[in-house]
Structure formats: structure tokens, C-alpha cells
Amino acid sequence: MIYTCTLNPSIDYVVKVNNFKEGHLNRTESANVYPGGKGINVSRVLKRLGTENTALGFAGGFTGQFIKEFLSSEGITHDFIDVSDLTRINVKLKSNEETEINGQGPVITEEQKSKLLQKIDSLNADDVLVLAGSIPSALEENFYEKIAAKCRSNGVKVVIDTSGNSLRSTFSSRPFLIKPNHHELGELFETQISTVEEAVHYGRKLIEEGVQNIIVSMAEKGAVFMNDNQAYFANVPIGNVKNSVGSGDSVVAGFIAGFMQHQDYQKAFQKGVATGSATAFSEDLCTKEYAEQLINEINVIEI
């Protein structure tokens, strides 16, 4: 079974306003409400691709209940730990520029944290766990490191999509997959990465540090995949980018779905890039049909 873990989920309130003016009354052109959080995005895309999964994490109050009901309406299994505070609300304002206002996460007690760790400790070698998103301030910075160590002991494949020290601290546990973008990869080495050659160079350093597989997304320049034995480059198709939120999560979901189906890294990488592109070109997360349509436009070459 595939599990996703979102430590700090949200309700994303996405509003469009024509010519937003600060300090004035503005009226929305449209408004939509979605469950947010990188792990939840992965769960939703996996389900759309026909891959069953279970969403884990923390949820509280009427906002947490909304997330549970929304996932249930899409046929996604969930097993959240209840917390006393409300799950946060994030505002995504789309106008001449995109502006985001993210809420604070809830207080998480030691008992609630232990309950989540117990659920993760019950996973086994047949399972995949996706840890995605930032670690809330209520938890220690090395929380992903603790989870990754548990997964390694139990033979669980762990996928990690975060950044900075929270990411690097997991490398000793040999994560199955990480997916930094080129900015996040550069931050790990205090440099800037702008070319495929640079992405390959620094990506290989992470393989040496223990990472089993890595995807580096480089926006319109394409993406790179690497492990001990293989390295591939994939283009991205031409299209109108409508939604940058969730495209990286969709790459992760597409790769996992592809790997579970084919047990082939090249095919999984191609599906991941196609799925991420399909979300980028959509108002919401992608559909299975659109992702499959774009696969034919993704050329994967060995490098």
C-alpha cells in the first residue's frame, strides 16, 4: 500500500480578483476551496491515476473535517490523527500577481505525535510512504529523520519531498526517492543551479550521500532523473502554465504510480514528468486522461 503523510495540511481558499488593489474593497471573480498540503496533493493525483493510497497526518476542527469529507468524496482512504486546534486555512490570491497567505499550523501534543509514529511503525516492506511538505513548528526539525529511520528498519520505501535540513537529515536512511527542484538542490550546496549539467553534477553528490533515486525538476528546462546506475533527461511539453501549485507533487505521484505499474525507472520518470506537466497546464490537479495524453510528448534520453 502507498501512504502519504501531510504534517501540516490546510484548506486552500483560491480566489481570483481582477486588478487587485491593496487597501481597497475587492470583489472576487471566482473562488474555490480545496484540501491543501503536498502529501494530500500526492494522494489526490495518485487516486486520479487509478492508484489506491491512504492519507496520513494531523487534522482538527471543522476545517480538518472538511478535508476528510473532501478526500472521502474522491474515494481516498484517510487515517488522520485528530488534534484540538483547527487545521489552517491558506489564501491563494490570483490577480495581476499571485499572492499567498499561509496560516499557522496547530499545536501537536506528544501523545498525538506518538500515535502517528505508531501508525508508521506498523508499515512493512510492501509499503511506500511519501513524506511531503514542511515540518510544522510544533514538531522538531528532525521529525522526518526519525520517520525515515523507522522506515529503513522496516524495509519501507520512503519518498521525501521537502527542502533544507529537513531533507538532508534523511539521507543516512537511504530514501527511495527525493524530488528537489533546481533551486532546492542549489540551496543544499549553497550555490545556484541553472543547467542540466549542474543538476547532474550535484544530484550525483546526493546519490553518494545515500539517496537511492532523485528527480530534479527545472521548470521549462525539463527534468533530470538519477540513481547509481542510470541518468535520464526529460523535456517538458509546450503549454500554458495555469497552476504552479501541485505540479511538483504530481511529478511524485506520477513517478510512484508508474513505478508500481512497470517497475521501470525510465517509464516511471516519463509518467512523472507528464503528470506534473498536466497539472501545470490545468486549473486544478490533472486528470488521468490529460496526463496520459502528454506522455507521448515527453522524450526521455539517457545522459
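In this predicted model, helix α1, spanning residues 38–48, packs against helix α8, spanning residues 247–262, with the two axes 8 Å apart and at an angle of about 45°. That angle makes α1 oblique to α8, and the crossing of the two helices is right-handed. On the α1 side, the contact is formed by Lys-38, Asn-41, Val-42, Val-45 and Leu-46. Helix α8 contributes Asp-249, Ser-250, Val-252, Ala-253, Ile-256 and Ala-257.

Because 8 of its 11 residues are buried, α1 is largely enclosed by the rest of the structure. The buried residues are Gly-39, Ile-40, Asn-41, Val-42, Ser-43, Arg-44, Val-45 and Leu-46. Just after the helix comes Gly-50, with a positive phi of about 90°.

The interior of the model can be followed next. In soluble globular proteins, nonpolar side chains tend to be buried together. Here, the largest nonpolar core holds 43 residues, and Leu-7, Leu-116 and Leu-129 touch the most other members. Leaving aside residues up to four places away in sequence, Leu-129 touches Tyr-3, Thr-4, Cys-5, Ile-120, Leu-123, Ile-147, Cys-151, Val-156, Lys-157, Val-158 and Val-159. A second, separate core has 36 residues, among them Val-42, Phe-176, Phe-225 and Val-273.

Key:
Residues numbered from 1 in each chain as written. Predicted model: local features only at pLDDT ≥ 70, side-chain atom pairs only at ≥ 80, totals over all residues. Heavy atoms only, no water. Axes fitted to C-alpha atoms, helices over the stretch in contact; angles between N-to-C directions. Helix = DSSP H or I, 4+ residues; strand = E, 2+ residues; numbered from the N terminus. Parallel < 35°, antiparallel > 145°, perpendicular 65-115°, else oblique. Left-handed = near helix turned anticlockwise from the far one by under 90°. Contact = heavy atoms within 4.5 Å. Core = buried A, V, L, I, M, F, W, Y, C linked by side-chain atoms within 4.5 Å. Buried < 20%, exposed > 50% of the residue type's maximum accessible area, 1.4 Å probe, protein only.
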